[in-house]
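Here's a quick briefing to read alongside the sequence and the model. Grab a viewer and follow along.

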Amino acid sequence: MVCGERCCAHSVYLADKRYLKRSEERVAYATILKEDSDRMAFVGSVSVSKLGYSYAISPPVRGDRYAKRTSRVSMSLAANLKGGVETFADELVETASKIASPGRGILAVDESTKTIGKRLASIGVENTEENRQGYRQLLFNCPGLGEYISGAILFEETLYQSGTDDTPFVDCLKGVGVIPGIKVDKGLSPLGGAESFETWCTGLDGLSERAAAYYKQGARFAKWRAVLQISDSTPSKLSIHENAWGLARYAKTVQDQGLVPIIEPEILMDGDHSIERTAEVQEEVLATVYKFCDLNGVFLEGSLLKPNMTVPGAEFSGTTSPEEIGEYTVRTLERQVPPSVPGIMFLSGGMSEEEASINLSVMNKAPRRGPWSLSFSYGRALQQSCLKTWLGKEENVGAAQEALLARARANSQANLGKYTPGSEKSLDAQGTFEKGYKY
């Protein structure tokens, strides 16, 4: 394998023998990429001796050509897919590409009833169904939201909930141009045989049936959050393998029912470790996740990744610049994430609204080989100013929606590498980091 611009084997997954071991499938796959090289973004040329030809790889392309995932690609691949995913291949590609389209990202509103209660309590509002409905109605009826937000992750209650005018929230989202999604995992449970604080994610039992019901209700993508933690002895091999396998099984299961899987291997910010240690762990975790996705036949073009940015532990004594965060994050992704994944939608992990926007923007300004959209799937880093403006009062709805749009605009610009720090208002100066965060 020959590759210009120091492009390492990690970066060129499609030319790596690990991803060419299924010869018939991979020949068809590489042929499509040969014909549609504008979907790639590595510089130089690659010679794939096993396939008997070489093809040129074009440099990164932004804008419409960058976002486009043609039905020709998914139709050609569908013949080699196993399970129900072949029925939905075109739709999965279209949905994933729309979510990862330039200048747009995800609003994560999938807090459990208990966790949304904490949010409401922070502004002195009681956790009742009526108040939860009122807050979500504010979000989902926000004029202009779809200009910056492509998808919204919902909790199950919200997927089936309606506004005060009896309009289903799913229809409200569609009305403003936002694709509804659904959190499908059933939460974390202690992992036997591992450290006491290590967990595994539950919810595979009955997932296929639930995913089919969610699709019928209008959801078009799903999310599953696995959690790992860094310490002197963790994450353990058991934790990495258990959580990576769960993510792969979930991804394949929901794709078979027409939902684009967001794969979320979250590494908590707890600890005093360096950014180098975070990068080391992230690389191992991502490598394992995509190894198991390959074993399970996950259709990567119809999937998305939701990782942390590569940052030091919250108790790290040194300082880290946005430029360093961007450099380490991009390096980690280029080493381990296949280029066929359309978008990488970062979680905010307790960063402040402004910090999350600045880090994302700096990252998108830097040169890179990876072709994916680097965007956002923020919950707290999109909603804090909105919540603090609303305060549970009807007369504040308009101002709260403006606060939401301000942070959505900020992150839209950040996805394009154009955000100017301080140009959008924020009431979230401190961030919302919580040790051992659960929701």
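The axes of helix α5 (residues 113-121) and helix α6 (residues 129-140) cross at roughly 75 degrees and come within 11 Å of each other. That makes α5 roughly perpendicular to α6 (65 to 115 degrees counts as such). Axes here are lines fitted to C-alpha atoms, for helices over the stretch in contact, with angles from 0 to 180 degrees between N-to-C directions. Helices (H or I, at least four residues) and strands (E, at least two) are DSSP runs numbered from the N terminus.

This is a predicted model, so local features need pLDDT of at least 70 and side-chain atom pairs pLDDT 80 or more, while totals for chains, interfaces and linings use all residues. Residues are numbered from 1 along each chain as its sequence is written, and side-chain values use heavy atoms, leaving out hydrogens and water.

**The barrel**

- Eight strands close into a barrel, in the order β3-β4-β5-β8-β9-β10-β11-β12, with parallel pairing (a pair needs at least two DSSP bridges).
- β3 (residues 105-109) pairs with β4 (residues 149-154) in the parallel sense over five bridges.
- Within that pair, L107 stands opposite A152 in β4.

**Around R335**

- R335 is found in helix α12 (residues 322-336).
- With a relative accessible area of 29%, R335 is partly exposed (between buried, under 20%, and exposed, over 50%, using a 1.4 Å probe and protein chains only).
- The C-alpha atoms of R335 and G370 are separated by 9.3 Å, though they sit 35 residues apart along the chain.

Methods
Parallel < 35°, antiparallel > 145°, perpendicular 65-115°, else oblique.
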